[in-house]
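My notes follow the order in which I looked things up.

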Amino acid sequence: MVKHRESRPGQKTAGGLGAKPRRDISGKPPAKPAHASRPAKPSRDAKPSRDYGERVAEPHTAAPAAAAPERPLIARTGERPVERVPVILESLGAGDFHLIDSGNGLKLEQYGPYRIVRPEAQALWPPSLAAHIWDNADAIFTGDTDEDGMGRWRFPREALGETWPLQLLGVDFLGRFTAFRHVGVFPEQIVHWAWMKEQVEAAKRPLKVLNLFGYTGVASLVAAAAGAEVTHVDASKKAIGWARENQALGRMEKLPIRWICEDAMKFILREERRGNKYDIILTDPPKFGRGPNGEVWHLFEHLPLMLDICREILSPKALGLVLTAYSIRASFYSIHELMRETMRGAGGAVESGELVIREAGLDGRTPGRVLSTSLFSRWVPK
Ligand SMILES: C[S@@+](CC[C@H](N)C(=O)[O-])C[C@H]1O[C@@H](n2cnc3c(N)ncnc32)[C@H](O)[C@@H]1O
């Protein structure tokens, strides 16, 4: 069972925006292509983005990139959906995962049988637990403390294999020690996945779920296991391979999941042209990424068009459009207001805030401090 609750502290999470001013939504063609072959602005340090199997270099002026089709934003009219802010979606862990402790720029997490130490820049406070508990972890990621930095795993107790079995929301999958500190799942997402599972199970029809930037497929497997027809899109062949491994591990091969290795923007543009619709769309884009043919994804440039297209491919009886944004410098208001503008005239509500994980101690049941993991904004029809 997911241990999470919603709270609305009535307090703003203000933040300096790293975003550029909003794009024109008048319906006029944008002055510059929304998702284009044009190289992005020069980046001072062409650092890798988060690793999901393949190293991806941030684009700079010299980087060639394949052209993706594009279209202007649609002029939206009508009222904006009602707003619910701030919404803090908190989890105290779920299934085989909980956050044990955090502090001194690190976090100590339980993933099934393993205790794992990873960098966590936001943990400015001192740890609660004794140093020997931290030192005794099964795996410690050391290296660049930057979010996207390279590093390596150290196994102080005994050498561990690359993968190990885990379970969340009744779905089996593999934890994995990857080169960029990630472990094959982002457990803070569980609050969205639990919400989605409820929607799918409560619907009296097979829902169509689209999972964009789907990574190792845990959300896709949760949706399919609940009865949805799932389309999973990710640019990384390796990540799709891991997702299929997860599907096989859980003996879920017969469930209706389309695994698509493609640039997310290209895919939804095609779906729009074909008139295909989805009842629930999850999109969890990185700040920066590349499609399999070098298509450049830049969240601050391309998110308005992505949401615009997502709205067009929502079915008339859609149940939600869920956006998560991590590792960006922005307030949740930035994606909240974009979502409300995009969903003008659609009715319903837009709720936005942060996904946070609360420390749960060694026993997984002792609430401690809260770590913020990402911003989110979701449109729901009611
Ligand atoms: C943070 S992960 C998503 C995590 C996922 N929502 C989860 O919780 O399991 C970001 C994913 O985006 C993929 N990606 C990056 N650029 C992409 C693009 N242009 N099109 C499609 N997928 C892309 C990466 O391969 C990676 O798997």
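How close do the axes of α2 and α3 come, and at what angle do they cross? I find them within 8 Å, crossing at roughly 20 degrees. Axes here are lines fitted to C-alpha atoms, for helices over the stretch in contact, and angles run from 0 to 180 degrees between N-to-C directions. That makes α2 roughly parallel to α3. The classes are under 35 degrees for roughly parallel, over 145 for roughly antiparallel, 65 to 115 for roughly perpendicular, and oblique for the rest.

Ground rules next. The model is predicted: local features need pLDDT of at least 70, side-chain atom pairs count only at pLDDT 80 or more, and totals for chains, interfaces and linings use all residues. Residues are numbered from 1 along each chain as its sequence is written. Helices (H or I, at least four residues) and strands (E, at least two) are DSSP runs, numbered from the N terminus.

**Entry: α2 and α3**

I checked the handedness: α2 passes α3 in a right-handed crossing. Right-handed means that the near helix is turned clockwise from the far one by less than a right angle, left-handed anticlockwise. I then listed the contact residues. On α2 they are Trp193, Met196, Lys197, Val200 and Glu201; on α3 they are Ala219, Val222, Ala223 and Ala226. Contact requires C-beta atoms, placed from the backbone, within 7 Å. The general rule I keep in mind is that an α-helix has 3.6 residues a turn, so residues three or four places apart point the same way.

I took α2 by itself. Helix α2 (190-202) has 13 residues and reaches 18 Å from first C-alpha to last, close to the 18 Å expected at 1.5 Å a residue. The expected span is 1.5 Å times one less than the number of residues. Its buried residues are Ile190, Val191, His192, Trp193, Ala194, Trp195, Met196, Lys197 and Val200. Buried means 20 or more other C-beta atoms within 10 Å of the residue's own, exposed 12 or fewer, and partly exposed in between, with C-beta atoms placed from the backbone.

Then α3 (residues 218-226). Of its 9 residues, 8 are buried, so α3 is largely enclosed by the rest of the structure. They are Val218, Ala219, Ser220, Leu221, Val222, Ala223, Ala224 and Ala226. Gly227 follows α3, with a positive phi near 120 degrees.

What covers the buried residues of α5? I noted that the cover includes β10 (208-212), β11 (229-234), β12 (257-261), β15 (296-298) and α6 (299-312). The residues in question are Ala264, Met265, Lys266, Phe267, Ile268 and Leu269. Gly275 comes after α5, and its phi is positive, near 80 degrees.

I moved on to α6. It packs against α7 (residues 332-342) at about 40 degrees, with the axes 10 Å apart. The two helices are therefore oblique to each other. α6 passes α7 in a right-handed crossing. Leu303, Pro304, Leu307, Asp308 and Arg311 of α6 meet Leu338, Met339 and Thr342 of α7.

**Entry: the open sheet**

I traced an open sheet of 5 strands, in the order β3-β4-β5-β6-β7, with mixed pairing. Two strands pair if DSSP finds at least two bridges between them. β3 (97-103) and β7 (151-154) are the edges; each has a single partner strand, so one side of each is left without a neighbour in the sheet. Neighbouring strands are turned by 20 degrees against each other on average, direction ignored.

Which sense does β5 take against β6, parallel or antiparallel? β5 (residues 114-119) and β6 are parallel, over 2 bridges. Val117 has Ile140 of β6 as its bridge partner. β6 (residues 139-143) and β7 run antiparallel, joined by 4 bridges. Here Thr142 is bridged to Arg152 of β7, and Phe141 to Trp153.

I looked for a cis peptide bond. One runs from Val85 to Pro86, with omega near -20 degrees. Pro86 sits in strand β2 (residues 82-91).

Leu169 has phi near 50 degrees and lies in the loop between β8 (163-168) and β9 (171-176). Leu169 is partly exposed, with 19 other C-beta atoms within 10 Å. Arg181 has phi of about 75 degrees and lies in the loop between β9 and α2. Arg181 is buried, with 24 other C-beta atoms within 10 Å.

Note on methods
Two residues are in contact if their C-beta atoms, placed from the backbone, lie within 7 Å.
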